Amino acid sequence: MQNPMGARVSSEQALDLLKNADTAELMSLADGVRRAKYGLDVFYVHSLNLNPTNVCENQCGLCAFWREEGSEKAYTLSPAQIRDRLEQLHEVEKRRAYILKTIEEQGKLNPELKKSLKEAETMAALEDLYLPYKPKRRTRATVAREKGLEPLAKLIYDQKDMNLEELAGKFINPEKEVQDVEEALQGARDIMAEWIAEDVRVRDMLRNLFYREGILSCKNIKGKEMEGIKYKDYFDFSEPVKKVPSHRLLAMRRGEKESFLSIDIQPDEGTALRGMEKLLITARNSSAEQVETAIQDGYKRLLKPSMETEIRMQTKKEADIEAITVFVANLRQLLLAPSSLGCKEGQKCPSSHDGREGRACWKASG
Ligand code: SF4
């Protein structure tokens, strides 16, 4: 511990620190070393380790990761979960390489975007970044761009004070089917709605909101009440999406697939719109009012369906994993249970091919 600040500690000193140093003292020493070397720069470790369990007996004072076995937040991944996670990571890497290559081929890969793409940890984060560069079918925004309305959209999106009527009037062009000011403004709003739907900050905020506060509502399809009677529990059902147990979710999805039920997932619309306005509205003027209208359209027409699809896929995946885990646990219990053939200790096992005695099989596995 007497090591001068910033010098490398020996193995003995490190062990001594680990065993004897007071946690606060150790943290302050480490902070001193950082400041001596890097000033006020702070570094974070980006860990992509699989961490099959967080149950650890060492319980080091500095560690915020370990949990006691059996505690609420303790987890231990099964081999199947580890395999799935590895496959997921592999998929993310494959997709990252494809997206980097595609944007580079478009000539639009700037250093900042490259850095963000390399740092994206999840498939959702990667897809959000890729969205503006993804080849699209013809959308309302594409049509508005073809009518030459993108410069108008950019000016409005800046939310500066200006005479909107006069500005939009300059974009009237009957040859391109922009007949009046309202048509020019509508086209600009269509373009802004697409920008909003592709904004990474907006998508991130909404994704969290959908997961945290989303409500899953399920209704029956009118006229199919008798045919779909086995799903009657879900004819008028709603529950926070994060609380729906896997068996219930899978049952509702089956009912939807068989066309007896329809499912909707969304948080309170007002909360979602207010969150978006907080991120995007920077002024109080007629341009900001146009942006507000574009926010409402972008949410209802583009973002809500996109977030709902994402959360449906994610919850389905989680429900499948849970169902398989429960199935495996039940099967294991069944297989390890004493044989129902009535075998007894000391007798030859009726299904044994190697002359083992009764109960040797389940005893050995247990
Ligand atoms: S997981 Fe945490 S508690 Fe366990 S050995 Fe590592 S640092 Fe220490």
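**Close-up 1. Isoleucine 156 and its contacts.** Isoleucine 156 counts as buried because 26 C-beta neighbours lie inside 10 Å; a residue is buried with 20 or more other C-beta atoms within 10 Å of its own, exposed with 12 or fewer, and partly exposed in between, C-beta atoms being placed from the backbone. The model is predicted: local features need pLDDT of at least 70, side-chain atom pairs count only at pLDDT 80 or more, and totals for chains, interfaces and linings use all residues. Residues are numbered from 1 along each chain as its sequence is written. Isoleucine 156 belongs to helix α7, residues 150-157 (helices are DSSP runs of H or I, at least four residues, numbered from the N terminus). Leaving aside neighbours within four places in sequence, its contacts are Ala188, Met192, Ser287, Gln290 and Val291, where contact means C-beta atoms, placed from the backbone, within 7 Å. Serine 286 is 130 residues away from isoleucine 156 in sequence, but the C-alpha to C-alpha distance is 8.8 Å.

**Close-up 2. The buried side of α7.** Leu152, Ala153, Ile156 and Tyr157 are the buried residues in α7. They lie on the same side of the helix because they cover an arc of only 130 degrees around the axis, the arc being that of the directions from the helix axis to the C-beta atoms. These buried residues pack against α8 (164-169), α9 and α13 (286-336).

**Close-up 3. The largest nonpolar core.** This core has 42 residues, of which Leu149, Leu152, Ala153, Ala184, Ala188, Met192 and Ile196 touch the most other members. A nonpolar core is a set of buried Ala, Val, Leu, Ile, Met, Phe, Trp, Tyr and Cys residues joined through C-beta atoms within 7 Å. Helix α9 (residues 181-197) gives the most to this core, 8 residues. Domain 2 (140-205 + 275-322) and domain 3 (215-243 + 252-266) both contribute residues, so the core lies between them; the domain bounds come from an automatic or database domain assignment. Not counting residues up to four places away in sequence, alanine 188 touches Ala144, Leu149, Leu152, Ala153, Ile156 and Gln290.

**Close-up 4. Two loop residues with positive phi.** Glutamine 159 is in the loop between α7 and α8, and has a positive phi of about 60 degrees although it is not a glycine. Glutamine 159 counts as partly exposed, with 19 C-beta neighbours inside 10 Å. Glutamate 177, in the loop between α8 and α9, also is not a glycine and has a positive phi of about 60 degrees. Glutamate 177 is exposed, with 11 other C-beta atoms within 10 Å.

How values were computed. Contact = placed C-beta atoms within 7 Å.
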